[in-house]
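Open the model in your viewer and keep the selection tool at hand. This tour goes stop by stop: what to select, then what is there.

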Amino acid sequence: MSQQPSPPPWLVDVVHDIEDFPKPGIGFKDLSPLWRSSSATSRCAVALADGLENIDVVVGVEARGFLAGMITAQRLGVGFVAARKPGKLPGSIESIEYDLEYGSDILELQSSSIAADDRVVIIDDVIATGGTAAAAAALVSRLGGEVVEIRAVLELMALDGRAKLAPNRVHSLWEVR
């Protein structure tokens, strides 16, 4: 059995566990203190961008994926595109419905936001069931982009989101068991 990498201490120190949020029985990982710490945010940007090469654009998934995505795009020196919930983007859009842990939702990208053959990394704050990141990857592909990798700050391994993201490469800074 291979040993899982230890989470970075700087990340563990700034993520707070909130019990019974947003519903009773759910243990929520609050990343708000991460964004409050300039030092932790800088370390997060470095870690999320580490090893990525020849990326044309970063797609950040609404809403907290915007934060992680933007700092990654800045670190890589590339543009940022927001994958949004319905009705938030002007102009021509592509949309996709996807399943959540507790229902379904819709994700949208502006049709002109991804160029044919763009090399794209998708960034989200947390991978849980994988539905949101899978929807973002499907939209990028539909627009002609190539999903190089999906990255997240946290991944809730018990929910097996990686299975839904196959065959995409997935990297998380902290694989929460």
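Buried means under 20% relative accessible area, exposed over 50%, and partly exposed in between (1.4 Å probe, protein chains only). Helices (H or I, at least four residues) and strands (E, at least two) are DSSP runs, numbered from the N terminus. The model is predicted: local features need pLDDT of at least 70, side-chain atom pairs count only at pLDDT 80 or more, and totals for chains, interfaces and linings use all residues. Residues are numbered from 1 along each chain as its sequence is written, and side-chain values use heavy atoms, with hydrogens and water left out.

**Stop 1: helix α3**

Select residues 38-49, helix α3. The expected span of a helix is 1.5 Å times one less than its number of residues.

Now colour the buried residues of α3: Ala40, Thr41, Cys44, Ala45, Ala47, Leu48 and Ala49. What do the buried residues of α3 pack against? Their partners include the helices α1 (9-12), α2 (32-36) and α4 (64-76). The strands β7 (119-127), β8 (146-156) and β9 (170-176) are also among them. Contact here means heavy atoms within 4.5 Å.

Step past the end of the helix. Gly51 follows α3 and has a positive phi, near 85°.

**Stop 2: α3 against α4**

At what angle do α3 and α4 pack? The angle is about 70°, and the axes are 8 Å apart. That makes α3 roughly perpendicular to α4 (65 to 115 degrees). Axes are lines fitted to C-alpha atoms, for helices over the stretch in contact, and angles run from 0 to 180 degrees between N-to-C directions.

Show side chains at the contact. From α3 come Thr41, Cys44, Ala45, Val46, Leu48 and Ala49. From α4 come Ala68, Ile71, Thr72, Arg75 and Leu76.

Stay on Thr72, in helix α4. Thr72 has 0% relative accessibility, so it counts as buried. Leaving out residues up to four places away in sequence, Thr72 touches Leu48, Ala49, Val58 and Ile123.

**Stop 3**

Go to Asp125 in strand β7. Is Asp125 buried or exposed? At 5% relative accessibility, Asp125 is buried. Beyond its neighbours within four places in sequence, Asp125 contacts Leu31, Arg64, Gly65, Ala152, Val153 and Leu154.

Next, pick Val140 in helix α5 (residues 131-142). Val140 is buried, with 0% relative accessibility. Not counting residues up to four places away in sequence, Val140 touches Val59, Leu109, Ile114, Val120, Ile122, Gly145, Glu146 and Val147. Draw a C-alpha to C-alpha distance from Val140 to Asp117: 10 Å in space, 23 residues apart in sequence.

**Stop 4: backbone exceptions**

Most residues other than glycine have a negative phi, and most peptide bonds are trans.

Check the bond from Glu62 to Ala63: it is cis, with omega near -5°. Ala63 sits in the loop between β3 (57-61) and α4. Then select Ala166 and Pro167, joined by a cis peptide bond with omega about 10°. Pro167 is in the loop between α6 (161-165) and β9.

Finish with two phi values. Asn54 is not a glycine, yet its phi is positive, about 55°. Asn54 lies in the loop between α3 and β3 and is exposed, at 61% relative accessibility. Asp160 is not a glycine either, and has a positive phi of about 55°. Asp160 is in the loop between β8 and α6 and is partly exposed, at 48% relative accessibility.

Terms used: Parallel < 35°, antiparallel > 145°, perpendicular 65-115°, else oblique.
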